[in-house]
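Student: I've got this one open and would like to walk through it with you. Where shall we start?

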Amino acid sequence: MAEIEMPTLIMQEGQGPGQSWSIEKERVIIGRSEDCDIVLVERQVSRHHARIRRLDSQYVLEDLGSRNGTYVNGREVTGPYVLQDGDEIQIALCVRLSFVGAEATAPLVFERGKRPRLYLDKERHVVSIGERELSPPLSLAQYRLLELLYDRAGRVCSRDEIVGAVWPEAAEEGVSDQAIDALVRRLRERIAEVDPDHLYIVTVRGHGFRLDKTPSS
């Protein structure tokens with residue numbers, strides 16, 4: 001039986017980062033009350049803070065007259081807002097959620113026990129795509145970046161997280177966006193040497209990058 005592809009909310013900041021919720025119902029209420037579909041415990045969050053409604057193939061976010069507001073990509077929501085893949089939702093400016101659209105979540109689902117198409121063998125430090133291994137091996141920086149994205153299992157990694165994982169010795173001084181983009185571009189090129197038909201490293205605008213390691217059939 002095929003998996004039903006649903007958009008997902010992933011907590012990036014708040015009490016319980018990494019939690020995720022599939023938007024499976026026609027209407028999902030977010031708030032502090034226990035009768036909400038997504039319960040957030042922060043005191044700044046109103047009892048019934050915001051709502052996501054499914055309208056045909058779109059998902060619409062609305063603030064429910066909350067005390068501290070609902071924001072998308074830094075802008076306050078003052079009316080119905082149609083969510084797009086990669087949007088960052090802030091609830092009362094204390095909880096940060098990433099919206100991952102159905103098209104983006106679909107490739108992340110694979111059968112129980114089936115190895116993803118892109119596979120990282122950490123013991124050997126070898127990257128395989130399908131039945132082929134990347135050769136020559138990735139550089140240390142490329143491997144560290146891929147390992148970070150791989151371990152996050154499809155969740156978005158910020159640029160700061162990438163700097164901390166790839167260049168820990170330079171975290172305090174900072175690394176330019178150009179250097180990060182160049183590393184991402186080169187890693188994409190290396191992966192494309194084996195599989196040019198699928199974009200494994202996905203840019204989530206304004207937030208960072210995530211790994212799509214299992215392309216849909």
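Tutor: Let's start with a term: two strands count as paired if DSSP finds at least two bridges between them. Keep in mind as well that this is a predicted model.

Student: Good. How many bridges join strand 1 to strand 11?

Tutor: Five, and the two strands run antiparallel. Within that pairing, Met11 stands opposite Leu97 in strand 11.

Student: And how many join strand 1 to strand 2?

Tutor: Three bridges, again with the strands running antiparallel. Ile10 is the residue that stands opposite Ser20 in strand 2. These two strands make a hairpin with six residues between them, and Gly14 there takes a positive phi near 145°.

Student: Why is strand 1 described as largely enclosed by the rest of the structure?

Tutor: The reason is burial: five of the six residues of strand 1, which covers residues 8–13, are buried, so the rest of the structure largely encloses it.

Student: What's the strand order in the open sheet of six strands?

Tutor: The order is 2-1-11-10-7-8, with antiparallel pairing.

Student: Which strands sit at the edges?

Tutor: Strand 2 (20–22) and strand 8 (75–76), each pairing on one side only. At the strand 8 end, two bridges link that strand to strand 7 (residues 70–72) in the antiparallel sense. Tyr71 is placed opposite Glu76 in strand 8.

Student: What about strand 5 and strand 6: how many bridges do they have?

Tutor: Six bridges join strand 5 (residues 50–55) to strand 6 (residues 58–63), and the two run antiparallel. Ala50 has Asp63 in strand 6 as its bridge partner, while Leu55 is bridged to Gln58 in strand 6.

Student: Switching to side chains: how many aromatic pairs turn up in a search of the whole structure?

Tutor: One aromatic pair. The partners are Tyr59 and Phe99, in a tilted arrangement with 6.4 Å centre to centre and 50° between the planes.

Student: Which parts does that pair tie together?

Tutor: Tyr59 belongs to strand 6 and Phe99 to strand 11 (residues 95–100), so the pair ties together parts that are 40 residues apart in sequence.

Student: Is Tyr59 buried or exposed? And Phe99, buried or exposed?

Tutor: Tyr59 is buried, at 11% relative accessible area. Phe99 is buried too, at 3%.

Student: Now the cores. How many residues are in the largest nonpolar core?

Tutor: It has 28 residues, and those with the most contacts inside it are Leu118, Leu145, Leu146, Ile162, Trp167, Ile201 and Leu211. At least two residues of this core come from each of strand 12 (118–121), strand 13 (126–129), helix 2 (140–151), helix 3 (159–166), helix 4 (177–192) and strand 16 (208–211).

Student: Which element gives the largest share?

Tutor: Helix 2, with six residues of this core. Apart from it lies another core, of 24 residues, including Leu9, Met11, Val95 and Phe99.

Student: Tell me more about helix 2. Which of its residues are buried?

Tutor: Gln142, Tyr143, Leu145, Leu146, Leu148, Leu149 and Tyr150. They pack against strand 12, strand 13, helix 3, helix 4, strand 15 (201–204) and strand 16. Helix 2 has twelve residues and spans 16 Å from its first C-alpha to its last, close to the 16 Å expected.

Student: Last one: what is Leu146 in contact with, beyond its neighbours within four places in sequence?

Tutor: With those set aside, Leu146 contacts Leu118, Leu120, Val127, Leu138, Leu187 and Leu211.

Note on methods: Residues numbered from 1 in each chain as written. Predicted model: local features only at pLDDT ≥ 70, side-chain atom pairs only at ≥ 80, totals over all residues. Heavy atoms only, no water. Core = buried A, V, L, I, M, F, W, Y, C linked by side-chain atoms within 4.5 Å. Buried < 20%, exposed > 50% of the residue type's maximum accessible area, 1.4 Å probe, protein only. Helix = DSSP H or I, 4+ residues; strand = E, 2+ residues; numbered from the N terminus. Contact = heavy atoms within 4.5 Å. Phe/Tyr/Trp six-rings, centres within 6.5 Å; stacked < 30°, edge-to-face > 60°. Expected span 1.5 Å × (residues − 1).
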